Amino acid sequence: MGCVAVRGGLKAIENAERLVRYFRVKGDSWSLEVKQIREQFRLAVDQVMAEGSLYAPLYAAAALKQAEGDTIEVSFILRALRSSLPRNHYAVVADTREMEIIRRISATFKDIPGGQILGPTRDYTQRLLDFSLMEEGSSEIQKFKDEFLTGLGDDDSPDFPKIVEMLRREGLLEEPPPKPDEPLVDITREALKFLAPRSARLQVLARGETGGMLAIAYSVDFLSSRIRNAII
Amino acid sequence: MSEKGERFRTILHRVDKGILGQLARSVLAAVPEIRVIKPPQVGLVMIRARETVENQPFNLGEVLVTECTVALGEATGWGCCLGDDPDRAYHLAVLDLVLHLGVGPVERIEAALLAEEERILQEDVSEFASIARSQVQFDVLG
């Protein structure tokens, strides 16, 4: 069967757009404030900004509202927005050792310099539904915040050396052979060609879809353990 | 850039929006000849990072910023801030100009920014202190 060219459907498309808006607002609740999404859907905002390759928290929150929380759709919206804006500058290469850290754990090294800091994680919870959130009131929130912020210490953030540097110092990992910086590939400006250089691969991974990255990471982990077992 | 200039730029990046607005308005009242050359406009900055395995840089992703340029005579001031925030970009450009030229109520601006620096440092310390509570204290068994 071949392809058949058709026309029409414009009216249906317009109505579908109106319909999707109607489905978002047809309930009798207040319209969500973008600021609420920005602050209380912190991780969804972070995810779509990473996948959309655009750091713009308020726009990301608005896009989450527009797409009713469909994160892949939001990433497309942000990527479309990104492609419509002028890129005026390139930042100086950031030194990731200067990152502000809110979570730092190592499964391999118990005594990592700077200590193991769990940070705001749900990893050690039992994933039970918190029914109290059904009726969370502003007075309860204020009470919790007052309690939480009482008696905080005044330790300044220590430096967190990279584990890889520690391994290199102890001779457990080779120093990378010194080589000049390769010309940077920008996959948003040039089509991805294989074998892709390292800078292109890292850029692809940085903006990869979260579920896809998880699948790749686990399959790599699985394969490497198969290889390890075969060697042993 | 001078050490002092670098310090003020770091503060200006996080200065409270209300305080920034007040300072900029006081400058504009004192030096009304300041004119806008490029009105606030959103654009992107590509952020690059260096990975630590092969020490190679790569393009991490873009950041939405608002930029604005103002001028007084031949001198120009440039403001750039995160997000879509035309007022902030304009006010930053005004302060950049007068801090560079040393005209207008510079001493008052510098004093206000140093007070802000203290607030910002305190904010950072409090945030880290709340996070530091989740540091694991290992007890060695046996």
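Which residues make a nonpolar surface patch of about 330 Å²? In this predicted model, in which local features need pLDDT of at least 70, side-chain atom pairs count only at pLDDT 80 or more, and totals for chains, interfaces and linings use all residues, residues are numbered from 1 along each chain as its sequence is written, and chains are lettered from A. Side-chain values use heavy atoms, with hydrogens and water left out.

The patch is formed by A:Leu19, A:Tyr22 and A:Phe23. Patch members have over 30% relative accessible area and no salt bridge, with like charges joined within 9 Å and nonpolar side chains (Val, Leu, Ile, Met, Phe, Trp, Tyr) within 5 Å; areas come from the Shrake-Rupley method with a 1.4 Å probe, and for residues only the protein chains shown count as cover. A:Phe23 sits in helix α1 (residues 10–25) of chain A, where helices (H or I, at least four residues) and strands (E, at least two) are DSSP runs numbered from the N terminus.

Turning to charged contacts, the structure holds 15 salt bridges over all chains, each a side-chain nitrogen of Lys or Arg within 4 Å of a carboxyl oxygen of Asp or Glu. In one of them, B:Lys17 pairs with B:Asp85, with the closest N and O atoms 2.9 Å apart. This pair joins distant parts of the chain, 68 residues apart: B:Lys17 belongs to helix α2 (residues 17–30) of chain B, and B:Asp85 to the loop between β3 (75–82) and α3 (86–101) of chain B.

B:Arg119 and B:Glu123 also form a salt bridge (2.7 Å, N to O). Both lie in helix α4 (residues 106–132) of chain B, four residues apart, about one turn of the helix.
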